[in-house]
Amino acid sequence: MIQATTIITTGTAGRGLTDITATIAEWLHETGIEEGLLTLLCRHTSASLLIQENAAREVRSDLVGWLDRIAPEGPHYAHDDEGPDDMPAHLKAMLTGVNLSIPVIGGRMALGTWQGIYLAEHRRAAHRREIALHLMGT
C-alpha cells in the first residue's frame, strides 16, 4: 500500500460551482496509483465539495438557487463578521459537506458518466480555495 498527498488551489468567481474534476484526475494520473481510495477535504468553512451533474449547466444553477432559498441572506443571523453572506455560506457548507471519498479503479476515479467534482463557493466574492487530497492504494 502506498500513499500520495497534495493540496490543490483553485480560484472561484464568487458564488457558484467550479469544476475541479480535471485537476484532480491529472494529479491522480501523476501518482501512478491504479487501485485505491481518494479522499478530498475542502479546507474552508464557507465553501464545500460536491459530486454532481457535469453535463447540464442548469443543474448547477438550480442547486445554487436552491441553496440560496434554504439559507438566505438577511438580518436574522447573529454572525455577520464578514458581511451578510457570511453565515448563509457556513450553513450551505454544513448542508453540502466538505469531504468526499472516491474509489480509484484502473487508475481513474470511479465516477459515473455524468458526474463531476465541484468546489461550491458559497460567498459572493471571488476566493482562492484549497482542497487537500489523500490517495491510498496500489
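How much accessible surface does the protein chain have, and what share of it belongs to carbon and sulfur atoms? The accessible surface comes to about 7,500 Å², and 54% of that belongs to carbon and sulfur atoms. Please keep in mind as you read that this is a predicted model.

## The overall picture

The protein chain contains 3 helices and 8 strands. Read from the N terminus, their order is β-β-α-β-β-α-α-β-β-β-β. The radius of gyration of the protein chain is 16 Å, close to the 14 Å that the globule rule gives for 138 residues, so the chain is as compact as a globular protein of that length. Taken along the principal axes, the box filled by the C-alpha atoms is roughly 50 × 30 × 20 Å.

What about the inside of the fold? Of the 138 residues in the protein chain, 38% count as buried. Contacts can also be sorted by how far apart the partners are in sequence. Among contacts with a separation of 6 or more, 82% are between residues 24 or more positions apart.

## Charges along the chain

The protein chain carries 11 positive and 17 negative side chains. The centres of these two sets lie 3 Å apart. As a general point, side chains of opposite charge can pair when their charged atoms come close.

How many salt bridges does a search of the whole structure find? The search finds 9. A few of them are worth a visit, and the next two sections take them in turn.

Begin with Arg43 and Glu130, whose side chains meet in a salt bridge with an N to O distance of 3.3 Å. This pair links distant parts of the chain, 87 residues apart. Arg43 sits in the loop between strand 3 (36-42) and strand 4 (47-53), while Glu130 belongs to strand 8 (residues 128-137).

Are these two partners buried, exposed or partly exposed? Arg43 counts as partly exposed because its relative accessibility is 44%. Glu130 is also partly exposed, with a relative accessible area of 30%.

## Arg123 and its two partners

Now turn to Arg123. Its side chain meets that of Asp85 in a salt bridge, at 2.9 Å from N to O. Arg123 lies in the loop between strand 7 (115-121) and strand 8, and Asp85 in the loop between helix 2 (57-70) and helix 3 (86-96), so the pair ties together parts that are 38 residues apart in sequence. Arg123 is buried, because its relative accessible area is 6%. Asp85 is buried too, with a relative accessible area of 6%.

Arg123 has a salt bridge with Asp86 as well, this time at 3.8 Å from N to O. Here the link runs from Asp86 in helix 3 to Arg123 in the loop between strand 7 and strand 8, 37 residues apart. Both Asp86 and Arg123 are buried. Elsewhere in the list of residues, salt bridges that share partners join Arg15, Asp68, Glu73, Lys92 and Arg124 into one network.

Thr18 is part of strand 2 (residues 16-19). Why does Thr18 count as buried? Its relative accessibility is 19%, and buried means under 20%. Apart from neighbours within four places in sequence, Thr18 is in contact with Thr10, Gly11 and Thr12, and also with Ile117, Tyr118 and Leu119.

Pro72 has its place in the loop between helix 2 and helix 3. With a relative accessible area of 33%, Pro72 is partly exposed. Beyond its neighbours within four places in sequence, Pro72 is in contact with Tyr77 and Pro88. Pro72 and Glu82 are 10 residues apart along the chain, and their C-alpha atoms are separated by 15 Å. For the last stop, find Glu30 in helix 1 (residues 21-31). Glu30 counts as exposed, because its relative accessibility is 55%. The C-alpha atoms of Glu30 and Ile51 are separated by 22 Å, and these residues are 21 places apart along the chain.

Definitions and conventions: Residues numbered from 1 in each chain as written. Predicted model: local features only at pLDDT ≥ 70, side-chain atom pairs only at ≥ 80, totals over all residues. Heavy atoms only, no water. Helix = DSSP H or I, 4+ residues; strand = E, 2+ residues; numbered from the N terminus. Rg over C-alpha atoms; globule rule 2.2 N^0.38 Å. Buried < 20%, exposed > 50% of the residue type's maximum accessible area, 1.4 Å probe, protein only. Contact = heavy atoms within 4.5 Å. Areas by Shrake-Rupley, 256 points an atom, 1.4 Å probe, with all protein chains shown as cover. Lys, Arg positive; Asp, Glu negative; His and termini not counted. Charge placed at Lys NZ, Arg CZ, Asp CG, Glu CD. Salt bridge = Lys/Arg side-chain N within 4 Å of Asp/Glu carboxyl O.
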